[in-house]
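Good morning, and thank you for coming.

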Amino acid sequence: MALDGYTISFLVHEFKANLLNGKINKISQPEREELLITINTASGNKRLLISANASLPFMYITDTNKTAPAVAPGFCMLLRKHIGAGRIIEISQMGMERVVRFKIQHLNEMGDITYKYLYIEIMGKHSNIIFCNEDNMILDAIKHIPASVSSVREVLPGRDYFIPAQEGKVNPFNVSEEYFLNTVLKRSESVFKAIMSSFIGISPTIANEICYRSKIDSDSSCASLFDEHKKALYNSFKELIDYSINDEHNYSIYIDPIKGNPVEYAPIQLDMYSDMECKNYETMSQVLSEFYAKRNAYTNIRQKSTDLRKIISNHIERASKKLDLQEKQLKDTQKREKYKIYGELLHTYGYEAKPKDKSITVINYYTNEELTIPLDPDLSASENAKKYFDKYAKLKRTAEALDTYIKQSRDELELLKSIEVSLNIAETEIDLADIRRELSDHGFIKKHTNGKKEKSKKSKPLHFVDDNGFHIYVGKNNYQNDELTFKFATGNDWWFHTKKIHGSHVIVKTEGKELPDSSYEYAAELAAYYSSGRDTDKVEIDYLQKKNVKKPANSVAGFVVYYTNYSMVVTPTLQHVKLISQE
């Protein structure tokens, strides 16, 4: 669920209760489109985290601090100059728009009291953080939007600030029953679309919940509704609107009971997700922090790994094309046996050929069938035979060389695909450094040492504990996989890996105990989750004791062989394990 105007209204209520009259004592910009503002309040310091990232915009109060860059960006420096010691005297939502305005009082260079506005716009790819003077003239923004990008509104220093109007939409707090019944539900579209397109701040989730509570199919047309249906819809709509101005709240995250991942969040109870596991929180900020923290980290890592993804993608494409060409060439060499037979038959029957003959038909003594052999009329039969034997020998040498090259190409492609999986499950910059090191070690990228030996901190495998108390370790890259399997695990520990697809090595430490059946399943679910099959419903997992896993001589990191194993099919999930540590 995106942060819609309805949810932001709850968030603003929380901001007023916690941040109003607070004094700003620190402003940092930990990411390119992110601000972290520390505010001193009567109840202690509060941190407000704001992101204008196009793919994941948000704002909430957090307990977590973030490291700021050594040199602050220009926008951050401007905020520090003007409002670094300012006081927040007003927090408001602009109508039901996804825009929050902070009015900040501070002293100017002359010591006079003046005011500034900080606008937070949570609008998907149009999200922004805009700083204005008391006349609503833009001083700067975290993202500049020139006329060449948007013909509707420029966001540049010196321009007036305004919010583009949403044609045909009204504030749901100002709607009467008559308007709802006779205007909204008179639209020639589905009920869901009518509610969505009529009101500012109502997301698809809220629109669907209104329909669900009214026991009406959201895809039903407005024209098909009876009066009792329309009344039920209005009552559900009014119930949700009234709920937002009450002091009772139900801040929740809804979790898929199978996969264990968060599916949706809301400031209200979502009856349509009654089959989901519901986790309740005291504040909306806690909900957003829990829901967005991992996604934010994932988004940042995705952005920071763009260059690596491009490098790996290009090498995979190149290796695939090379392998296809080699296999095609190998297929062409399969006709070499024909040339060998031509040569042998010409040695036997060549005396029958006449000068300048362009072909000769003989009995193939291998099949007892007639066979026509093409001849070069300028060569004798024996010379033609030699020509065919030479072709055979050349194609044989080519085939032998191609067998080697194809194996190398396949190994290279498998290695690249395994590194690609490592990149997909990378969660920290240290993980990216490990991947960069592996790419460098195999010659896919150049090493940059500046004449000095590089020293970088190495990441460690993920460490989980399952519901039965057994410790499970997951390698995040090929080096960790090798380390886990052949240096960390002991002979009687259990080893898990996806069957025929790329994934992490997973080790269950037995400590001399016998694993219950459920622990085998939990470890298999982890192996499925940390693999290229994460987004599928079912993944087949091989598992066996570590002592039966072997590493071939001269093989690359992460490559193993085994000959006796058990298998099971599981759904990728983290539901039955708890993360202990990750680095």
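This is a predicted model: local features need pLDDT of at least 70, side-chain atom pairs count only at pLDDT 80 or more; totals for chains, interfaces and linings use all residues.

Is E34 buried or exposed? At 2% relative accessibility, E34 counts as buried, because buried means under 20% relative accessible area, with exposed over 50% and partly exposed in between (1.4 Å probe, protein chains only). Residues are numbered from 1 along each chain as its sequence is written, and side-chain values use heavy atoms, with hydrogens and water left out.

Let me stay with E34. Its side chain meets that of K66 in a salt bridge, at 2.6 Å from N to O; the term requires a side-chain nitrogen of Lys or Arg within 4 Å of a carboxyl oxygen of Asp or Glu. This pair links distant parts of the chain, 32 residues apart: E34 is in strand β2, residues 34–41, and K66 is in the loop between β4 (58–62) and α2 (74–83). Helices (H or I, at least four residues) and strands (E, at least two) are DSSP runs, numbered from the N terminus. K66 is partly exposed, with a relative accessible area of 25%.

By this rule, the count comes to 25 salt bridges. Another of them joins E317 and K321, at 3.4 Å from N to O. Both residues lie in helix α8 (306–332), 4 residues apart, about one turn of the helix. E317 counts as partly exposed at 42%, whereas K321 is exposed at 54%. There is also a network, in which salt bridges that share partners join E209, R213, E239 and D271.

I turn now to a sheet. Three strands form an open sheet in the order β11-β10-β12, with antiparallel pairing; two strands pair if DSSP finds at least two bridges between them. The edge strands, each pairing on one side only, are β11 (262–266) and β12 (277–281). Strand β10, residues 251–255, is joined to β11 by 4 bridges, and S252 has A266 in β11 as its bridge partner.

How many bridges, then, join β10 to β11? The number is 4, and these two strands run antiparallel.

To close, I return to the opening pair: E34 is buried, K66 is partly exposed, and their side chains meet in a salt bridge. Thank you for your attention.
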